[in-house]
Amino acid sequence: MRLILLGPPGSGKGTQAQRLVQQHGIVQLSTGDMLRAAVAAQTPIGLKAKDIMAAGGLVPDEVVVGIIADRIEQPDAANGFILDGFPRTVPQAEALDALLKQKQMNLDAVIELRVNEGVLLERVERRAAEMRARGEAVRADDTPEVLTKRLASYRDQTEPLIHYYSDHRMLATVDGMMSIEQVTAEIGRILAAVGKSGGSRAAKKASPAKRSAKAPAKAAKKAAKKAPKAAAPTKKAGKAAKKPAKAVKKAPKKASKAAVKTAKGTRKTSAKAAKKRATR
Ligand code: AMP
């Protein structure tokens with residue numbers, strides 16, 4: 001399962017992400033945590049990010065995209081991941097799309113935690129007080145002044161992502177003002193629905209070959225039916241023929257073979273049709 005949690009600072013993304021990690025055995029990839037670790041270790045990225053973070057600004061897109069590109073390749077992310085705090089801008093979302101496409105991965109859902117901004121300040125102040133009480137170091141950017149800036153950058157740069165993923169029919173919105181338990185339950189319902197409907201819209205919109213992971217023989221048959229109309233293999237059928245191994249990765253072996261066979265048949269049938277037309 002691959003998810004994005006969207007929401008302003010203090011909306012509860014981190015808390016919900018941790019619960020999802022427990023429930024689904026996937027990893028939480030928080031760019032904020034990774035950047036804080038880089039700052040603490042004084043790596044070149046950390047040195048670059050330190051002042052920007054302390055001021056409540058956003059670290060350059062290419063830096064965080066680079067971090068995520070490396071991270072999702074790690075073996076512990078193979079089972080799935082929750083992106084927490086990434087993407088934060090439309091260019092980051094576009095870069096993520098390209099990255100996932102290149103790695104032949106799909107997103108299952110984008111979940112927005114919608115909260116009342118007035119409450120956020122209170123929440124972040126409470127979080128800082130609780131950390132202090134536990135003797136933990138309080139984040140440098142968990143102050144009312146910096147939070148105001150972080151909220152402004154969320155509004156200006158991250159909120160457009162709500163429209164981006166809504167346009168891509170990936171977005172599910174949860175009322176983040178509910179209790180932690182209720183939010184968890186609601187996220188659970190969304191994920192169950194995503195699972196039942198066979199994954200995200202991205203998965204549904206995938207090429208015929210990709211869809212054939214579910215019903216390989218059926219999809220290939222459909223492609224074969226369409227093919228004789230074309231003089232050359234259709235772009236889609238061509239794709240199906242090129243990508244069978246990836247597409248049918250999860251399908252039963254027998255069915256996979258059938259899909260490959262039919263896709264090959266599609267090519268032959270198309271060639272025959274073309275020849276026939278030429279001789280007419
Ligand atoms: P967070 O812990 O998610 O609130 O992130 C803390 C800070 O890290 C943010 O205020 C930004 O300065 C920086 N940061 C985290 N993720 C990103 C991102 N995806 N793009 C740019 N800056 C980020």
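These exercises, with worked solutions, concern a predicted model of a single chain.

**Exercise 1. Overall make-up**

Task: State how many helices and strands the chain has, and what share of its residues is buried.

Solution. 
- Step 1. Count the elements. There are 15 helices and 5 strands.
- Step 2. Take the burial. Of 280 residues, 40% count as buried.
- Step 3. Take the surface. The accessible surface is about 15,700 Å². Carbon and sulfur atoms hold 55% of that surface.
- Step 4. Look at contact range. Among contacts with a separation of 6 or more, 75% join residues 24 or more positions apart.

**Exercise 2. The nonpolar cores**

Task: Find which element gives the most residues to the largest nonpolar core.

Solution. 
- Step 1. Size the core. The largest nonpolar core has 32 residues. I4, I68, I72, F81, L83, L96 and Y165 have the most contacts inside it.
- Step 2. List the elements that give two or more residues. The strands are β1 (2-6), β2 (27-30) and β3 (81-84). The helices are α3 (44-54), α4 (61-71), α5 (90-102) and α8 (160-167).
- Step 3. Pick the top contributor. α4 gives the most, with 6 residues.
- Step 4. Check for another core. A second, separate core has 16 residues, including L3, I82, A172 and V194.
- Step 5. Zoom in on F81. Beyond four places in sequence, F81 touches M1, R2, L3, I26, V27, L29, I72, L100 and M105.

**Exercise 3. The largest pocket**

Task: Describe the lining of the largest pocket by position, element and class.

Solution. 
- Step 1. Take the volume. The largest pocket holds about 1,200 Å³ of space.
- Step 2. Locate the centre. Of the 49 lining residues, G10, K13, G14, R127 and R139 are the closest to it.
- Step 3. Assign elements. At least two lining residues each come from α1 (13-24), β2, α2 (31-40), α6 (117-133), α7 and α9 (180-196). The largest share, 6 residues, is from α6.
- Step 4. Sort by class. The lining has 16 nonpolar, 19 polar and 14 charged residues.

**Exercise 4. A cavity and a cis bond**

Task: Identify the residues that line the second largest cavity, then inspect the bond between F86 and P87.

Solution. 
- Step 1. Count cavities. The structure holds 3 cavities of 30 Å³ or more.
- Step 2. Name the lining: L5, L6, G7, K13, G85, F86, P87, R88, Y154 and T158.
- Step 3. Trace the elements. β1 and α7 (144-158) give two or more residues to this lining.
- Step 4. Check the backbone. The peptide bond joining F86 and P87 is cis, with omega about -5°. P87 is in the loop between β3 and α5. Most peptide bonds are trans.

Conventions. Residues numbered from 1 in each chain as written. Predicted model: local features only at pLDDT ≥ 70, side-chain atom pairs only at ≥ 80, totals over all residues. Heavy atoms only, no water. Core = buried A, V, L, I, M, F, W, Y, C linked by side-chain atoms within 4.5 Å. Buried < 20%, exposed > 50% of the residue type's maximum accessible area, 1.4 Å probe, protein only. Helix = DSSP H or I, 4+ residues; strand = E, 2+ residues; numbered from the N terminus. Contact = heavy atoms within 4.5 Å. Areas by Shrake-Rupley, 256 points an atom, 1.4 Å probe, with all protein chains shown as cover. 1 Å grid on protein atoms, 1.4 Å probe; cavity = no way out; pocket = protein on both sides within 12 Å on 5 of 7 lines; lining within 4 Å. Points joined across faces, edges and corners; volume = space filled by probe spheres on them. Nonpolar A, V, L, I, M, F, W, Y, C, P; charged D, E, K, R; others polar.
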